[in-house]
Amino acid sequence: MLTVEAAKRRGSFSLDVRFETPVPGVVALFGRSGCGKSTVVNLMAGLLRPESGRMTLDGTVLFDAAAGIDVPAERRCFGYVFQDARLFPHLRVDSNLRYALRRAAAPHFVTLEAVVELLDLGGLMRRRTHELSGGERQRVAIARALLTQPRLLLLDEPLANLDRARREEVLPYLEILRDELRVPMVYVTHDFEEVLRLATHVVLIDAGAVIAQGAIGPMSLNASLRRIIGPDAVGAIVTGTALGVDPVTHLMRVRVGAGELNVRCAELGAGASLRVQLLARDIIVSTELPRHLSVRNNLAGTVAGIQDDDEEAELVAIDVGGEQILARVTKAASRDLGLKTGLAVWALIKSVSIRVHLVGARA
Amino acid sequence: MTWLDPAESAALSLSLVVAARSVIFSLPVAVAVTWLLSRSRFVGRPLVDALVHLPLVLPPVVVGYLLLVIFGSRGLLGGWLSRMFGIELVFTRNGAALATAVMSFPLMIRAMRISLENVDRGLEDAARTLGAGALDRFTTITLPLMLPGILAGAVTAFAAALGEFGAVITFVSNIPGETRTLPLALYTALQTPGGDRAAARLATLSIGLGLLGLLLSEWLARRVRRLLGR
């Protein structure tokens with residue numbers, strides 16, 4: 001368990017956060033730019049000092065203002081991946097990595113060789129750091145942070161300086177860190193795409209305060225989160241289980257709640273755990289089982305609640321047997337269908353608009 | 001160097017020895033003072049800053065006089081140094097090195113300070129998160145990254161030390177073979193009837209050394225910058 005309570009004033013900005021998350025896992029500190037997310041990780045790293053608060057990781061107290069405990073940054077055994085990589089320019093890539101390894105105090109769980117292989121750095125070891133591309137720099141920075149044998153890895157918008165293609169180059173490595181090394185991570189970002197790919201928990205920060213926190217599933221339904229990510233990204237993130245590829249359609253059958261979806265994704269072993277994003281704008285609600293439609297997926301469920309979304313539309317939460325999903329429908333349509341809590345409905349989704357990501361160890 | 005007479009080549013080698021000692025002994029002090037001036041906040045920092053830069057604006061004769069007052073045989077420190085360690089500074093080449101060190105100190109500090117202020121504090125923070133303590137960070141990150149400034153400071157100070165006149169002649173006089181460095185030899189030649197040719201040779205030599213120093217410093221700076229990837 002990671003617990004953080006910290007208060008700090010900086011000029012006119014004041015920060016007062018408090019959250020706790022299970023370890024291991026990836027907790028995303030998510031919020032708009034300038035909300036104080038980076039300050040939080042700097043406080044956690046010990047690079048900034050809170051005026052008051054307390055921080056513990058698995059029972060070890062790292063900071064306690066009341067008890068006068070403040071473990072210095074260099075002895076916290078936290079890895080830190082900075083937005084701008086901060087590789088040492090006077091050292092080659094291999095010396096940058098050894099710099100961290102030589103000073104690692106905690107029990108070693110990864111070797112230099114393993115990290116080099118994991119992050120595909122074999123060809124870069126003798127390079128000077130200014131000869132690296134942006135994506136390569138971040139991979140080296142991640143490797144360097146890993147070699148401190150961290151009890152917790154802090155990442156401050158590590159992909160923010162990269163374009164879309166370079167991000168895709170680095171993201172899979174972070175998933176491997178989460179799923180195979182099971183390194184606990186605190187991941188700062190303002191890009192919901194990264195939250196969707198990486199986070200197991202979300203701490204939502206706004207104007208220096210935590211406004212919501214929880215596991216990614218329930219958080220995907222949260223109204224504060226919806227306001228920050230904007231209407232087009234709103235949608236339930238649910239857990240699915242791969243059942244195998246349908247021999248006729250070549251689509252992957254995925255169990256979600258009590259129903260089943262057919263999605264396009266790379267072949268996975270049956271039983272693999274998947275994260276499925278169902279965007280509210282892509283879901284059609286029907287009050288009877290439809291026929292003669294191209295839609296491949298329909299999930300039977302009951303309306304769990306209806307909230308206003310904007311002037312013309314509302315968000316309908318549908319319980320599909322243990323999981324909740326969100327559908328955006330116009331108020332006019334809702335009235336015509338007579339949608340109300342408890343009503344039996346079908347949620348229709350096109351296979352091509354479902355996004356899935358593997359979570360957990362690769363088969 | 002057959003075109004120099006023995007006294008002139010003695011002046012040349014003495015100048016090099018004095019300048020080298022001056023730079024070697026002032027370098028570590030300059031690094032420490034630079035760090036104090038730009039990284040720590042203490043009461044009286046502006047005063048220390050001003051004192052360090054004073055030789056830039058004072059007449060060199062005043063510096064030489066102050067050195068006599070402090071390090072002369074009846075001076076505040078001179079007598080003690082002589083009794084405790086047998087170190088004599090007045091009328092010796094070590095004294096000449098001290099005088100040139102004091103005079104070139106501000107030049108050294110200025111070059112180093114710019115490069116220390118250009119060291120990205122973020123890299124030091126990164127080293128902290130990798131487990132490096134304060135001294136470790138200074139020696140493995142800060143010092144190598146301020147190397148261009150240290151080298152530039154050392155070369156500039158060396159060149160200035162070769163040319164220092166007023167403070168040297170005031171503090172340690174003009175003794176052939178002991179304190180008569182190039183500029184002092186040049187001055188002596190000018191005062192001697194028929195010394196015009198010697199003066200011309202010594203002046204040419206000074207210009208050559210100066211040029212060499214500047215070219216060397218430029219070359220070093222380029223190499224180090226490439227090493228640091230800038």
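This is a predicted model: local features need pLDDT of at least 70, side-chain atom pairs count only at pLDDT 80 or more; totals for chains, interfaces and linings use all residues.
Colleague: Okay, so is Ala65(A) buried, exposed or partly exposed?

Modeller: Ala65(A) sits in the loop between β5 (60–64) and β6 (69–70) of chain A; helices (H or I, at least four residues) and strands (E, at least two) are DSSP runs numbered from the N terminus. Skipping residues up to four places away in sequence, Ala65(A) touches Glu51(A), Ser52(A) and Gly53(A), where contact means heavy atoms within 4.5 Å. Its relative accessibility is 34%, so Ala65(A) is partly exposed.

Colleague: And Thr181(B), is that buried or exposed?

Modeller: Thr181(B) is also in a loop, the one between α9 (166–172) and α10 (182–191) of chain B. Leaving out residues up to four places away in sequence, Thr181(B) touches Ala11(B), Leu14(B), Ser15(B), Val18(B) and Glu164(B). Its relative accessibility comes to 5%, so Thr181(B) is buried.

Colleague: How far apart are the centres of domain 1 and domain 2 of chain A?

Modeller: The domain assignment gives domain 1 as 2–229 and domain 2 as 235–359 of chain A, with the bounds coming from an automatic or database assignment. The two do touch, with 15 residues of domain 1 in contact with 13 residues of domain 2. Taken over C-alpha atoms, the separation of their centres is 33 Å.

Colleague: Which residues of domain 1 of chain A lose the most area to domain 2?

Modeller: Buried area is the accessible area (1.4 Å probe) that two parts lose on being put together, summed over both. Between these two domains of chain A that is about 1200 Å², with 55% of it on carbon and sulfur atoms. On the domain 1 side, 48% of what is buried comes from three residues together: Leu196(A), Leu221(A) and Arg226(A).

Colleague: Which element gives the most to the side of domain 1 that touches domain 2 of chain A?

Modeller: Across this interface there is 1 salt bridge, meaning a side-chain nitrogen of Lys or Arg within 4 Å of a carboxyl oxygen of Asp or Glu. There are also 6 residue pairs in polar contact, both at pLDDT 80 or more; that is a pair of N or O atoms within 3.5 Å, where within protein one must be able to donate a hydrogen and the other to accept it, and residues adjacent in sequence count only if both atoms are side-chain atoms. The elements giving two or more residues to the domain 1 side are α5 (164–181), α6 (192–198) and α7 (216–219) of chain A. The one that gives the most, with 6 residues, is α6(A).

Colleague: How much area is buried between chain A and chain B?

Modeller: The contact takes 20 residues from chain A and 21 residues from chain B. Carbon and sulfur atoms give 62% of the buried area, and the total is about 1900 Å².

Colleague: How many salt bridges are there across the interface of chain A and chain B?

Modeller: One pair with side chains meeting in a salt bridge is Glu74(A) and Arg137(B), at 4.0 Å from N to O. For the whole interface of chain A and chain B, the number of salt bridges is 3.

Colleague: Inside chain A, Arg126(A) forms a salt bridge with Asp94(A). Is Asp94(A) buried or exposed?

Modeller: In that pair the closest N and O atoms are 2.8 Å apart. The partners come from distant parts of the chain, 32 residues apart, with Arg126(A) in the loop between α3 (112–118) and α4 (134–146) and Asp94(A) in helix α2 of chain A. Arg126(A) has 54% relative accessibility and so counts as exposed. With a relative accessible area of 8%, Asp94(A) is buried.

Notes
Residues are numbered from 1 along each chain as its sequence is written. Chains are lettered from A and ligands numbered from 1 in the order in which they are written. Side-chain values use heavy atoms; hydrogens and water are left out. Buried means under 20% relative accessible area, exposed over 50%, partly exposed in between (1.4 Å probe, protein chains only).
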